Amino acid sequence: MRWQGQQLGTIDEAALSGLDSTDDLVRSVTTPDFAGVTFHEVMARSALNRVPSTSEMPFDWTVNPYRGCSHACVYCFARGSHAYLDLDTGRDFDSQIIVKANIAEVLRAEVRRGSWGREHVALGTNTDPYQRAEGRYRLMPGIIDALAESGTPFSVLTKGTLLRRDLPQLVAAASVVDVSIAMSIAIFDDDLQKSVEPGTPSTHARLDTVRAATDAGFRVTVFMMPIMPHLTDSMPALQNALSRIREAGAARVIYGAMHLRPGVKPWFMAWLRREHPELVSSYLGLYPGASAQAPKQYRQWLSRRVRPLLRAYKLDGSAEEETARFRPRQTSTPSRVIQTKSAAAARLF
Ligand code: SF4
C-alpha cells in the first residue's frame, strides 16, 4: 500500500453521519494519485451480506469491499445506496468511496464458522470490486483466498481491467471451488462510453480482459447492460457489440434495457439534458414518474432484435429478467477443474 503523498483529511462527522452502525470510520484519505476522490477507510464488523429473500437476484450472499464507485457510470443503479450515508447520489457516489479496509480478515473469520453453509457468494453486484481504489487497497486477493480456502464458490462481475492482476489467483481458486467471471460491457461507441461511464476502462480494454480470462480457462459472461434506448439499441450498434464480444472469446451474454431507479433518475436525466436534449421527452415517455423499468413493449422489441443476433454470433445468451428467476444450486462439494466450474457459471449467470 502506498501512503506517500496522501493527506489525512479532516473527518467531517456530518459527512458520514449515516455510516452503518456496523462499521467504524478510521480516517478519510486524499492522495494525488486519485485527484478529486476521498477514501473513507472503515473497519467493517461484517463482510457477508445476505440478500433479502424477496429479491429476484439469483444468489443469496454478497460481499462488497467498497461503497460508492469511481467508475462513475451515470446510470449506476447503486447510486441510491449512498443516500444512506447522508451523501448525495451524484458526485459524492463517484468521489466519496467507503473502503472496508479489514474486509478480508472479517470474511475469513465468517467463512470459517461451522455454521457457514458454503453457499455461492456474488462479488460486484452492488459496487465494482475492481474499481480504481482496488489498485491502492488490494482487498480482492484476500477475499479470493478466504473464499477459496473455505470451499465457498463465488462469482465476480466487474468493469475493471484490474481483474487481470488477480487472474492467476482466480485460476488457482477455480481448482478448488466454482468460480465464474463476468465483465460488464454495454457501450461500444468510444465517445458515448467516455461520456456515460467516465471512470471506467475503455471498451477495448475490457474486451481484452475478457480475452485474457477466456485464455486462462474461464467461460466468461458479458453483461451487455444497460442497453440505452435510442443510443445503443440500433441494429448496427447491436451487431457491432455482439461481434466484438464474440471475437473476444466470451461464451455468454446477458442483455437488458436500462433501468432508472429513483436515486439514479435525476442524475441520469441531468446528463441526458446536457448531452442529448433531443431524447429527453422520449426518455420521460419510457420512464414516466417513478417507473424504473423500460416498458414491457420496449423490452420485447429489444429481445426480437438481440436474440437472432445471439444465434448468428453463436453466443449463449438470455435477457436479464430470465436470469433473475432462478437461484444457483448450493454447492458444498468443490469441483476440481475449470471446465466443470463453467457449468456452474452458466447456471449462475
Ligand atoms: S461500475 Fe458498476 S458499480 Fe461502478 S459506477 Fe458503474 S455501474 Fe455503478
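Let me begin with how the model is read. It is a predicted model, so local features need pLDDT of at least 70 and side-chain atom pairs count only at pLDDT 80 or more, while totals for chains, interfaces and linings use all residues. Residues are numbered from 1 along each chain as its sequence is written.

The chain has 13 helices and 13 strands, where helices (H or I, at least four residues) and strands (E, at least two) are DSSP runs, numbered from the N terminus. Of its 349 residues, 42% count as buried; by buried I mean that 20 or more other C-beta atoms lie within 10 Å of the residue's own, with exposed meaning 12 or fewer and partly exposed in between, the C-beta atoms being placed from the backbone. Among contacts with a separation of 6 or more, 78% are between residues 24 or more positions apart, a contact being two C-beta atoms, placed from the backbone, that lie within 7 Å.

Eight strands form an open sheet with mixed pairing, in the order 4-5-8-9-10-11-12-13, and two strands pair if DSSP finds at least two bridges between them. Strand 4 (48-50) and strand 13 (316-319) are the edge strands, each pairing on one side only, and the twist from one strand to the next averages 25 degrees. At one end, strand 4 and strand 5 (residues 61-63) run antiparallel and are joined by three bridges, and Leu48 has Val63 of strand 5 as its bridge partner. Strand 9 and strand 10, by contrast, run parallel and are joined by five bridges, with Thr158 partnered by Met183 in strand 10.

Strand 10 (residues 179-184) deserves a moment, because six of its six residues are buried and it is therefore largely enclosed by the rest of the structure. In a regular strand the side chains alternate between the two faces of the sheet. In strand 10 both faces are covered, with Val179, Ile181 and Met183 buried on one side and Ser180, Ala182 and Ser184 buried on the other.

Next, the helices. Helix 2 (residues 103-111) and helix 4 (residues 140-149) pack at an angle of about 5 degrees with their axes 8 Å apart, the axes being lines fitted to C-alpha atoms, for helices over the stretch in contact, and the angles running from 0 to 180 degrees between N-to-C directions. The two helices are therefore roughly parallel to each other, a label for angles under 35 degrees, whereas angles over 145 count as roughly antiparallel, 65 to 115 as roughly perpendicular and the rest as oblique. Helix 2 contributes Ile103, Ala104, Leu107, Arg108 and Val111 to the contact, and helix 4 contributes Gly142, Ile143, Ala146 and Leu147. By class, that contact has seven nonpolar, one polar and one charged residues, with Ala, Val, Leu, Ile, Met, Phe, Trp, Tyr, Cys and Pro taken as nonpolar, Asp, Glu, Lys and Arg as charged, and the others, Gly among them, as polar.

The buried residues of helix 4 are Met140, Ile143, Ile144, Ala146, Leu147 and Ala148, and they pack against strand 5, helix 2, strand 8 (121-123), helix 3 (133-137), strand 9 (154-158) and helix 5 (167-174). Just after helix 4, Gly151 takes a positive phi of about 75 degrees.

What surrounds the ligand? The shell consists of Cys69, His71, Ala72, Cys73, Cys76, Ala78, Thr127, Asp128, Gln131 and Lys159, where near means a C-beta atom, placed from the backbone, within 6 Å. These shell residues divide into five nonpolar, three polar and two charged.

I will finish with some backbone details. Met225 and Pro226 are joined by a cis peptide bond, with omega about 0 degrees, and Pro226 lies in strand 11 (residues 221-227). His230, in the loop between strand 11 and helix 8 (235-247), has a positive phi of about 70 degrees although it is not a glycine, and His230 is exposed, with 12 other C-beta atoms within 10 Å. Lys314, in the loop between helix 11 (296-312) and strand 13, is another residue other than glycine with a positive phi, near 55 degrees, and Lys314 counts as exposed with 8 C-beta neighbours inside 10 Å.
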